[in-house]
Amino acid sequence: VLFRSGLTSQIQDMAKRLACEGFVVLTPNLYGRQGGMITANAEVATALVERMDEKTVLQDINATCEFLNTNISEDANLEHTQRNLHAIVGFGLGGTLALRFACQRKRLRAAVSFYGTIPSPIEELAHTYCPIQYHAAEHDDYVSAESVTQLEDFGKTSEKPISVYRYDNTQHGFSNDTFAEVYNKQAHDQAWETMVDFLKTSLGTQ
């Protein structure tokens with residue numbers, strides 16, 4: 001589970017909710033190499049993002065998968081996990097990284113992006129190795145409606161398993177209940193249920 005502001009209490013709550021659905025959840029701090037900073041300040045978050053090296057962060061995300069693989073037999077908390085049975089979920093910047101990571105890890109089983117930036121050119125997604133689920137806000141200052149349509153069309157023309165879900169009367173960040181001005185509970189609940197079903201199907205747990 002990935003989020004722009006780091007390992008905040010809100011993203012930890014999201015991780016706990018996913019764990020209650022029966023998943024083993026690992027939440028890496030995207031800014032671990034910058035001191036593991038956590039912030040609710042938009043300007044500070046922007047500065048952290050600007051200093052972040054995407055290639056290194058993707059390597060760190062990959063390392064979380066390998067951590068799960070190598071510690072299954074030693075950690076009682078991982079007794080119900082299986083090697084290489086992994087998915088990635090991200091919100092905002094985390095959603096952007098989820099799409100990028102889906103292009104890199106061949107054994108990834110699923111990727112979920114909430115209003116992440118869509119790769120340009122879109123053909124970069126030709127390298128994806130798993131089903132992708134994308135949740136789009138109707139009014140998004142960071143992701144254009146045209147790019148969302150392009151993503152949907154690319155899935156059809158390339159026969160890549162890409163599913164796009166749009167939510168009326170929503171803004172970027174509609175799943176973040178700490179931002180009252182954009183949070184949309186109805187859309188979030190619908191997206192959450194859709195995501196959980198997708199993950200359970202992709203990971204073979206239902």
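The paragraphs below lead through this predicted model, from its overall layout to a central strand, a group of rings and one histidine.

Residues are numbered from 1 along each chain as its sequence is written, and side-chain values use heavy atoms, with hydrogens and water left out. Since the model is predicted, local features need a pLDDT of at least 70 and side-chain atom pairs count only at pLDDT 80 or more, whereas totals for chains, interfaces and linings use all residues. The pLDDT, which is the predictor's confidence in each residue on a scale from 0 to 100, averages 87 over the chain, and 85% of the residues score at least 70. Among the elements of the chain, strand β4 (residues 132-139) has the highest mean value, 98, while strand β1 (residues 2-3) has the lowest, 50. Where pLDDT is low, the predicted coordinates should not be read in detail.

The chain has 6 helices and 5 strands, where helices (H or I, at least four residues) and strands (E, at least two) are DSSP runs numbered from the N terminus. Read from the N terminus on, these elements follow the order β-α-α-α-β-α-β-β-α-β-α. Of the 206 residues in the chain, 47% are buried, a word that here stands for under 20% relative accessible area, with exposed meaning over 50% and partly exposed in between (1.4 Å probe, protein chains only). If we take the contacts (heavy atoms within 4.5 Å) between residues at least 6 apart in sequence, 59% of them join residues at least 24 apart.

Residue V112 of β3 is the bridge partner of V89, and V112 has Q133 as its bridge partner in β4. Together, β2, helix α4 (residues 93-102) and β3 make a right-handed β-α-β unit, right-handed meaning that, with the strands pointing away from the viewer, the path from the first strand over the helix to the second runs clockwise.

The structure also holds 5 aromatic pairs, counted when the ring centres of Phe, Tyr and Trp (its six-membered ring) lie within 6.5 Å, with planes under 30 degrees apart called stacked, over 60 edge-to-face and the rest tilted. One of these pairs is F91 with F114, which is stacked at 4.5 Å centre to centre with 25° between the planes. This pair links F91 in strand β2 (residues 87-91) to F114 in strand β3 (residues 110-114), 23 residues apart. F114 also forms a tilted pair with F174, at 6.5 Å centre to centre and 55° between the planes. F174 lies in the loop between β5 (162-171) and α6, so its pair with F114 in β3 ties together parts that are 60 residues apart in sequence. Ring pairs link F91, F114, Y115, Y167 and F174 into a cluster.

H188 is buried, with a relative accessible area of 3%, and, not counting residues up to four places away in sequence, it touches M14, R17, F174, S175 and Y183.

Definitions and conventions:
Pairing = 2+ DSSP bridges.
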